[in-house]
Amino acid sequence: MSTTKIKTTQLWGKNKDDLKKQLLDLKTELAQLRTQKVAGGANSKLTKIHDLRKSIARVLTVINATQRSQLRIFYKNKKYLPLDLRPKKTRAMRRRLTKHEESIISEKQKKRQMHFPQRKYAVKVC
């Protein structure tokens with residue numbers, strides 16, 4: 001059973017199995033403390049519940065962050081990205097035309113530009 005707060009810097013170096021094992025240990029310890037709370041345990045032990053919950057959150061955060069980074073590496077050169085890995089932006093920005101789509105000129109527009117080009121006027125400077 002852990003007695004001190006877990007520091008996130010220690011967690012980043014660990015592999016997935018170690019993190020899962022540590023998470024399981026923390027959850028069992030939390031369950032024991034909660035049963036002691038119901039039974040009427042000492043207040044010093046009850047204050048550990050807060051620290052344990054935060055430690056569990058830290059471990060889960062590290063697990064999820066490493067998993068997302070691995071997925072980003074996996075999908076790096078693929079055609080499609082999963083929705084949760086795509087940039088969020090705004091709905092309007094996501095539906096906007098891409099740069100390539102904006103630059104495309106239709107056949108009709110090409111003919112119009114060719115037959116009726118932009119006129120150039122010489123302006124006399126006074």
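Trainee: Which residues does Q22 touch, not counting those up to four places away in sequence?

Mentor: Q22 touches I6, L11 and K14 on that count. Contact here is heavy atoms within 4.5 Å.

Trainee: And where does Q22 lie?

Mentor: Q22 is in helix α2. The helices are DSSP runs of H or I with at least four residues, strands are runs of E with at least two, and both are numbered from the N terminus.

Trainee: Does Q22 count as buried or exposed?

Mentor: Q22 counts as buried, at 17% relative accessibility. The cut-offs are under 20% relative accessible area for buried, over 50% for exposed and partly exposed in between, with a 1.4 Å probe and protein chains only.

Trainee: Before I go on, what kind of model is this?

Mentor: It's a predicted model, where local features need pLDDT of at least 70, side-chain atom pairs count only at pLDDT 80 or more, and totals for chains, interfaces and linings use all residues. Residues are numbered from 1 along each chain as its sequence is written, and side-chain values use heavy atoms, with hydrogens and water left out.

Trainee: What does the pLDDT of the protein chain average?

Mentor: It averages 91, and 97% of the residues score at least 70. pLDDT is the predictor's confidence in each residue, from 0 to 100.

Trainee: How far apart are the end C-alpha atoms of α2?

Mentor: They are 35 Å apart, and 24 residues at 1.5 Å a residue should span 34 Å, so the two agree. The expected span is 1.5 Å times one less than the number of residues. Just after α2, G40 takes a positive phi of about 90°.

Trainee: And α4, how far apart are its end C-alpha atoms?

Mentor: They're 39 Å apart, which agrees with the 39 Å that its 27 residues should span. In α4 the buried residues are I49, L52, S55, I56, V59, V62 and I63, and their cover includes α1, α2 and α3.

Trainee: Which residues touch the most other members of the largest nonpolar core?

Mentor: L11, L19, L26 and V59 do, out of 13 residues in that core. α2 (16-39) and α4 (48-74) are the elements that give two or more residues to it, and α4 gives the largest share, six residues. A nonpolar core is a set of buried Ala, Val, Leu, Ile, Met, Phe, Trp, Tyr and Cys residues joined through side-chain atoms within 4.5 Å. In soluble globular proteins, nonpolar side chains tend to be buried together.

Trainee: What is V59 in contact with, leaving aside neighbours within four places in sequence?

Mentor: V59 is in contact with L11, L19, L23 and L26.

Trainee: New topic. How many aromatic pairs are there?

Mentor: The count comes to one. It's F74 with Y75: the ring centres are 5.0 Å apart and the planes are at 85°, so the pair is edge-to-face. Rings of Phe, Tyr and Trp (its six-membered ring) pair if their centres lie within 6.5 Å; planes under 30 degrees apart are stacked, over 60 edge-to-face and the rest tilted. Y75 is partly exposed, at 26% relative accessible area.

Trainee: What sits over the ring of F74?

Mentor: The charged end of K78 does, 4.4 Å from the ring centre. The rule is NZ of Lys or CZ of Arg within 6 Å of the ring centre and within 35 degrees of the ring normal.

Trainee: Last one. Where is K89?

Mentor: K89 is in the loop between α4 and α5 (91-95). K89 has a positive phi of about 50° although it is not a glycine, and it counts as exposed at 52% relative accessibility.
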